[in-house]
Amino acid sequence: MTVIREADLIDSIADALQYVSYYHPPDFIRAMAAAWQREESPGAKDAMAQILVNSRMAAIGHRPICQDTGTANIFLSVGHEARLALSGSLQEAVDEATRRAYRLDTNPLRASVVVDPLGERRNSGDNTPAMLSTEIVAGDKVSVHVSAKGGGSENKAKFAVLNPSASIADWVVETVETLGAGWCPPGILGIGVGGSSDRAMLLAKQSLNDPIDMAELRRRGPASRTEELRLEIWDRVNALGIGAQGLGGQTTVLDVKIRSFPTHAASLPVGLIPNCAATRHVHFTLDGSGPARLAPPDLGDWPEILLDQAGAGARRIDLDALSDDVVAALTPGETVLLSGTLYTGRDAAHERMVAMLDAGDPLPVDLRGRAIYYVGPVDAVGDEVIGPAGPTTSSRMDKFTDRVLAGTGLKLMIGKAERGPAAVEAIRRHRAAYLIAVGGAAYLVSKAIRAARPVAFEDLGMEAIYELRVEDMPVTVAVDVNGTSIHRSGPRQWRRTQGAG
């Protein structure tokens, strides 16, 4: 009987979580590079360029691709003739691996898991517990899939029980159209069909670890009903014109993965889970000979020519001289480079600011004529000013937007994805503007930050308000002072009535 030592399991999972924090899977990079080459939408093409530049920088620098280093998702297939020599439970061993990976001093990863979700939602501090799934299979080895799943894409997961005669493709396409850009496309759609409600969602999550092979499938054609469905959904979703970061373009999904399982005759359970532009996963096998050895990918898979593409030709904005005229001149879809003083603030900071405004108390920072960035960065290491610092989903701040704009004189907000109707109306009414940084380009963005210091609410940790000094930070104008949104006009421009086949 094969014996898998606890230390080998822990070391391997910890190494894998570090590995996926800074290495995209090579098949993902090849698919993204091919999509970039054929993209005709300038905004989407620039966004994909930034994602690819960021990915190569992260791979070289061994720093996180995205500031949201995700929940640890661990899938173990344990051979029935293998024995895990554990001192405690399997969950405890996997959590120890997660703890070690996320607290590694040379590349600390952001802890995002909160305990007691119905109560105080206190952060565990080490990203435990991991999301663990296990199964017993034939054989004498242990197969392990490790992935890090960001909250932005996970929040867009959907489930439905369709009538057996219903079209799965119709439901998926109609659902994706409602998701907006908060899941940071282009990415992968994972679909689970059959089983029960829990099984369908597990199948969808597992499918995201399958190799990307859409280009090959399109070349050779489908050999099964599942492959026909994959092709149909891929073509129809891309025909929606959502594009990279929701800016409008030809590619919204790089691949569609489907797994299925037998189900009740009266049911058709379908789970849908998107994976973002920070798709991160790796597979290894333990056979009792020691910990897994994960080979670095070939940097030749990353197109170096893109290093000069992101933000090329954009005009510059001085954040320390934001006048009404400067803000009014911003055009939806335009890429600009920001320099000067920038404040950070996410959900918790906004909630506190609104409470202070409502109580008539002065805020700890003066936001009049200023810009705020919705970000929760990774901790800095070495001589870094700040760790990877990509945007968070802006719609979470929508309910605070009108009150903050009215009470502070704030001029610019920076985040990712679309704003809701109430927030857009508030932006129009207060003659402000909303810009987006590219989700999945956190390391690239951090290199534009020259100084950072906490100035308020330090007890909130990553959600504290920081004062940043930025230089040539690339962003795209998403909503202008008239309330015109690129997340509406962009997809409408690039939508096509039928796929290219």
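**Helix pairs, sheet and backbone**

Helices α2 and α3 are roughly antiparallel to each other, a label that applies to angles over 145 degrees. The model is predicted: local features need pLDDT of at least 70, side-chain atom pairs count only at pLDDT 80 or more, and totals for chains, interfaces and linings use all residues. Residues are numbered from 1 along each chain as its sequence is written, and side-chain values use heavy atoms, with hydrogens and water left out.

Start with that pair. Helix α2 spans residues 26-38 and helix α3 residues 42-61. Their axes come within 9 Å and cross at roughly 150°. Axes here are lines fitted to C-alpha atoms, for helices over the stretch in contact, and angles run from 0 to 180 degrees between N-to-C directions. Helices (H or I, at least four residues) and strands (E, at least two) are DSSP runs, numbered from the N terminus. The crossing of α2 past α3 is left-handed: the near helix is turned anticlockwise from the far one by less than a right angle, whereas clockwise would be right-handed. On α2, the contact (heavy atoms within 4.5 Å) is made by I29, M32, A33, A35, W36 and Q37. On α3, the contact is made by K45, M48, A49, I51, L52 and S55. These residues divide into nine nonpolar, two polar and one charged. Ala, Val, Leu, Ile, Met, Phe, Trp, Tyr, Cys and Pro count as nonpolar, Asp, Glu, Lys and Arg as charged, and the others, Gly among them, as polar.

Now turn to a second pair. Helix α1 (residues 6-22) and helix α4 (residues 90-102) have axes that come within 8 Å and cross at roughly 45°. They are therefore oblique to each other, the class left over once angles under 35 degrees (roughly parallel), over 145 (roughly antiparallel) and 65 to 115 (roughly perpendicular) are taken out. The crossing of α1 past α4 is right-handed. Among the contact residues are L9, I13 and L17 of α1 and A93, V94 and A97 of α4. The contact divides into 11 nonpolar, two polar and four charged residues.

Next comes the sheet. Four strands form an open sheet in the order β8-β11-β9-β10, with mixed pairing. Two strands pair if DSSP finds at least two bridges between them. β8 (158-162) and β10 (253-263) stand at the edges, each with a single partner strand, so one side of each is left without a neighbour in the sheet. Neighbouring strands are turned by 15° against each other on average, direction ignored. Inside, β9 (residues 187-195) and β11 (residues 268-275) pair in the antiparallel sense over six bridges. G192 has G271 of β11 as its bridge partner. Helix α6 (residues 168-178) packs on the sheet and touches β8, β9 and β11. The direction of α6 makes about 40° with that of β11. Helix α9 (residues 225-238) also packs on the sheet, touching β9 and β10. Its direction makes about 140° with that of β10.

Finally, check the backbone. Most residues other than glycine have a negative phi, and most peptide bonds are trans. The loop between α6 and β9 holds C184 and P186. Phi of C184 is near 60°, and C184 is buried (under 20% relative accessible area) at 5%. The peptide bond from P185 to P186 is cis, with omega near 5°. Another cis bond joins T128 and P129, with omega about 0°.

Technical notes. Buried means under 20% relative accessible area, exposed over 50%, partly exposed in between (1.4 Å probe, protein chains only).
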